[in-house]
Amino acid sequence: MATHEDWDELWSEADESEFEAHMARRRMVAKLVQQTVGLRDEIDLVVDCLLDETVDIDDSELDEIAKRARLNARHPMENRNPSKTEIKRHIAYLCNLAK
């Protein structure tokens, strides 16, 4: 039979796993925000807020931030180090425009 201590331990483990999942989602949204067009200071401020564990951000706010970040995404070729896949896609896009 489970004791009160076992129940408390299981409850704290569930809280930790939920917190870790939420922080992983916040890190994903922060990465999206880093890839947006805007002033670097403002983008860094939002990213710092997202990565700060003491700031309380719920799921609806994360959804709104992610949606706005996707709408305001920078073109892949504007990145400092575009990946080979991004370069290939961009060249294919330009070739299709030239047809």
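**Chat about a helical chain**

Tutor: Met77, Ile87 and Ile91 make a nonpolar surface patch of about 220 Å². A patch takes residues with over 30% relative accessible area and no salt bridge, nonpolar side chains (Val, Leu, Ile, Met, Phe, Trp, Tyr) being joined within 5 Å and like charges within 9 Å. A salt bridge is a side-chain nitrogen of Lys or Arg within 4 Å of a carboxyl oxygen of Asp or Glu, and areas are Shrake-Rupley with a 1.4 Å probe, only the protein chains shown counting as cover for residues.

Tutor: This is a predicted model: local features need pLDDT of at least 70 and side-chain atom pairs pLDDT 80 or more, while totals for chains, interfaces and linings use all residues. Numbering starts from 1 along each chain as its sequence is written, and side-chain values use heavy atoms, without hydrogens and water.

Student: Where does methionine 77 lie?

Tutor: In the loop between helix H3 (59-71) and helix H4 (84-98). Helices are DSSP runs of H or I, at least four residues, and strands are E runs of at least two, numbered from the N terminus.

Student: OK, how many helices and strands are there?

Tutor: Four helices and zero strands.

Student: Which residues make up the largest nonpolar core?

Tutor: Eleven residues, including Val29, Leu50, Leu62 and Ala66. A core means buried (under 20% relative accessible area) Ala, Val, Leu, Ile, Met, Phe, Trp, Tyr and Cys residues joined through side-chain atoms within 4.5 Å.

Student: Which helix gives the most to this core?

Tutor: H1, with four residues.

Student: And what is valine 29 in contact with?

Tutor: Beyond its neighbours within four places in sequence, Leu50, Leu62, Ile65 and Ala66, contact being heavy atoms within 4.5 Å.

Note on methods: Buried means under 20% relative accessible area, exposed over 50%, partly exposed in between (1.4 Å probe, protein chains only).
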